[in-house]
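Hi everyone, thanks for making time this morning. I'd like to walk you through one model, so please have a look at it first.

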Amino acid sequence: MRPTAPASRNRAGETARLVAAAAVVLVIAVGSIFVGVSDVSLPALLANDAGAWEIFWVSRVPRTVAVVLAGMAVAVAGLIMQLMARNRFVEPSTVGTVESATLGILVVTVLAPDSPILTKMVVASVFAVLGTALFLAILRRLPARNTLLIPLVGIMLGGIIAAVTTFFAYRFDLLQTLSNWMIGDFSGVLRGRYELLWIVAVLVLVGLFAADRFTVAGMGQDFTTNLGLNYARTMRLGLMIVSLISAVVVTTVGAVPFLGLVVPNIVSLLFGDNLRRAVPWTALFGAAFVLVCDIIGRTIRFPYEVPVGMVMSVLGAILFLFLLLRKRNA
Amino acid sequence: MPETPVTPATASHIRPMPDGGRPGPRPWSPSRWRDAVRSTPPGLVIAVVAIAAVVLVAVFLTIDLKGNIAYVLPRRVIKVSAMLLVAVAVGVSTLLFQTVTANRILTPSIMGFDSLYILVQTGLAFVAGAATLATAPSTLKFGVEILLMVGFSAILYRWMFTGATRSLHLLLLVGIVLGTLFRGFSSLLQRLMEPSEFIILQDLFFASFNNVDPGLLGVSAVLVALVCVGVWRMRHTLDVLALGREVAINVGVDHKPVVMRVLLACSLLVAISTALVGPVTFFGLLVVSLGYQLCRGFRHAWLLPIVVLIGAIALVGGQLLLERVFGFATALSVIIEFTGGILFLYLLLKGSLK
């Protein structure tokens with residue numbers, strides 16, 4: 001844990017830096033709008049080209065909005081998970097939340113194939129909550145000091161759930177459909193097909209205001225109660241936020257691995273552990289990170305696309321390794 | 001190596017560790033069945049599992065054998081030989097790996113060996129191009145892949161295992177993340193290929209028990225046999241290695257070269273089994289844990305055959321059961337993954353295995 005910045009550093013400077021960072025994210029976002037196969041360029045838009053404007057509103061803007069929303073939300077969900085587990089190496093995809101959500105979608109696809117996406121989302125959320133609750137229950141029985149055991153257990157739990165999912169997907173010939181949710185991909189985002197993702201914006205706001213409670217709750221039940229906070233309720237709130245964000249993101253665009261792990265750690269390396277500040281920074285970095293990965297995915301094999309989940313799994317795994325081995329050399 | 005026996009894993013066995021401290025060797029929990037097994041002489045155990053394995057193979061080859069026998073039988077022989085080769089390769093490599101690392105939970109595939117092989121395979125296809133690869137003789141291709149694989153893994157694992165004693169959990173986590181990285185990188189490379197090239201290579205990337213390349217069987221069999229002869233001749237050294245680095249050096253084993261030789265054998269065996277049927281992460285862990293369970297001593301002369309035979313029983317029996325009783329075939333590796341994952345969690349949470 002790094003020492004936090006001295007309190008004398010004034011709030012105004014902090015806000016100014018946040019605004020500057022937000023501006024940078026905005027620039028990347030606008031840039032990402034103009035990446036793509038069909039011709040949507042500034043001159044075309046200025047010339048009032050109807051085709052360009054249509055692509056702009058139907059495909060490009062929704063896609064960029066979806067990327068920003070998902071990036072912010074998954075990063076914040078990772079941060080909340082880390083606070084609750086008091087462990088730097090957990091995030092929804094290393095504790096079984098994402099895998100449970102996928103299992104939920106599979107179940108609903110098998111039992112009621114025609115159900116609308118909202119139903120899928122609700123079922124996925126229920127499964128995500130159950131999976132995360134299972135992890136938290138195991139966590140309570142583990143020695144808290146063992147930083148590396150906890151992510152290991154989480155990853156294994158996720159692996160077991162994923163094996164069950166694969167098994168049934170195989171039985172019902174849904175393996176190919178399954179990969180839609182397992183590998184995050186923004187190429188299918190169009191107007192009218194991503195709007196449910198706005199739910200996560202609300203969840204991120206809730207997380208922003210409740211962040212310091214999760215820090216307290218992470219200290220343990222006795223400590224929390226001592227400070228006059230309802231432990232069970234706070235943990236439930238965190239559990240709900242993390243699970244819902246994961247479920248919504250998995251159902252709309254698919255899993256974005258390692259994002260929730262890497263971003264909060266980078267933010268903590270840069271700015272220390274002041275929670276109130278960490279949440280907005282985490283959200284901004286998350287958005288920027290996914291934007292950049294999405295642009296990489298769209299340009300690396302132009303005109304084809306590589307799903308952002310694949311780019312993330314390579315970059316994210318490298319950063320994860322860096323974080324794991326960093327302490328060793330120090 | 002601690003004298004703690006490995007019990008069969010079920011989720012209900014997951015216990016909290018007492019008061020968060022590091023538990024010492026757990027007191028012997030009496031279990032009649034286990035005592036009975038453990039008091040059986042290893043020779044008898046080997047005989048029993050060998051008979052079981054032979055019977056299963058015979059059943060696998062002959063069950064429902066009708067129609068065009070000249071067509072069906074050779075296909076079954078290919079399948080069964082692939083399974084037997086994999087049983088040998090995975091069992092021996094896992095046992096060796098655990099011996100060298102003096103540890104009962106690390107296995108080559110958990111440390112990312114087989115994902116590394118997939119990456120080498122994909123990388124080679126990416127660099128050389130599908131056309132070259134498809135026309136090149138499969139033995140040559142296999143040889144180049146194995147050379148690359150052994151080279152890379154030697155560098156990688158030297159870096160991981162040299163230096164002071166390090167946290168087991170860190171090693172495991174690094175291994176798992178490395179595996180994810182290798183797999184992610186391979187699928188990224190596959191995406192970057194021309195779709196037409198990818199189609200040529202598709203079979204290569206999706207090896208499974210039902211999709212064995214018969215061209216590789218002969219080479220693999222020879223290689224596995226050679227490695228096994230080498231390992232068998234080292235068996236007494238391995239017994240000493242299992243006691244840990246200090247003891248081994250004390251008794252006069254030249255530790256570093258021996259370890260490197262063993263890791264080399266592991267890389268070879270993993271490459272062979274992955275080339276034949278693709279990655280099966282937890283199979284080695286399952287088989288070796290069962291092997292320790294059935295064998296009274298820690299002699300490699302006993303352990304090696306027991307582990308290999310259990311592997312054969314698990315693969316052939318499992319496949320037989322799935323195909324004939326439940327009526328679906330490819331799911332075997334998924335089931336191995338599931339049971340193995342639970343066993344791994346159990347070993348991890350039990351915490352006494354270091």
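Predicted model: local features only at pLDDT ≥ 70, side-chain atom pairs only at ≥ 80, totals over all residues.

Residues are numbered from 1 along each chain as its sequence is written, with chains lettered from A and ligands numbered from 1 in the order in which they are written.

Let's start where the chains meet. Contact here is when C-beta atoms, placed from the backbone, lie within 7 Å. Chain A puts in 32 residues, and chain B puts in 32 residues. On the chain A side, the elements giving two or more residues are helix H6 (149–171) and helix H13 (308–329). Helices and strands are DSSP runs numbered from the N terminus: H or I with at least four residues for helices, E with at least two for strands. Which helix gives the most to that side? H6(A) does, with 15 residues. By class, the chain A side has 24 nonpolar, four polar and four charged residues. For those classes, Ala, Val, Leu, Ile, Met, Phe, Trp, Tyr, Cys and Pro are nonpolar, Asp, Glu, Lys and Arg are charged, and the others, Gly among them, are polar.

H6(A) also packs against helix H5 (residues 117–140) of chain A, at an angle of about 145° and with the axes 11 Å apart. Axes are lines fitted to C-alpha atoms, for helices over the stretch in contact, and angles run from 0 to 180 degrees between N-to-C directions. H5(A) brings Gly131(A), Phe135(A), Ile138(A) and Leu139(A) to this contact, and the H6(A) residues include Val153(A), Gly154(A) and Leu157(A). Seven residues of the contact between H5(A) and H6(A) are nonpolar, two are polar and none is charged.

Now for the inside. A nonpolar core is a set of buried Ala, Val, Leu, Ile, Met, Phe, Trp, Tyr and Cys residues joined through C-beta atoms within 7 Å. Buried means 20 or more other C-beta atoms within 10 Å, exposed means 12 or fewer, and partly exposed is in between, again with C-beta atoms placed from the backbone. The largest core has 199 residues, and Ala70(A), Ala73(A) and Ile245(A) have the most contacts inside it. Helix H3 (residues 50–85) of chain A supplies the largest share, 17 residues. Beyond its neighbours within four places in sequence, Ala70(A) touches Leu197(A), Val249(A), Val253(A), Val256(A) and Val290(A).

Over in chain B, helix H9 (residues 214–233) has its end C-alpha atoms 29 Å apart, which agrees with the 28 Å its 20 residues should span at 1.5 Å a residue. That expected span is 1.5 Å times one less than the number of residues. Among the buried residues of H9(B) are Leu216(B), Ser220(B) and Leu223(B).

Last, some backbone angles. Most residues other than glycine have a negative phi. Arg86(A), though, has a positive phi near 50°. It sits in the loop between H3 and helix H4 (97–111) of chain A, and counts as partly exposed because it has 18 C-beta neighbours inside 10 Å. Phe258(A) has a positive phi too, near 70°, in the loop between helix H10 (231–252) and helix H11 (259–271) of chain A. Is Phe258(A) buried or exposed? Phe258(A) counts as buried, because it has 28 C-beta neighbours inside 10 Å.

Key:
Contact = placed C-beta atoms within 7 Å.
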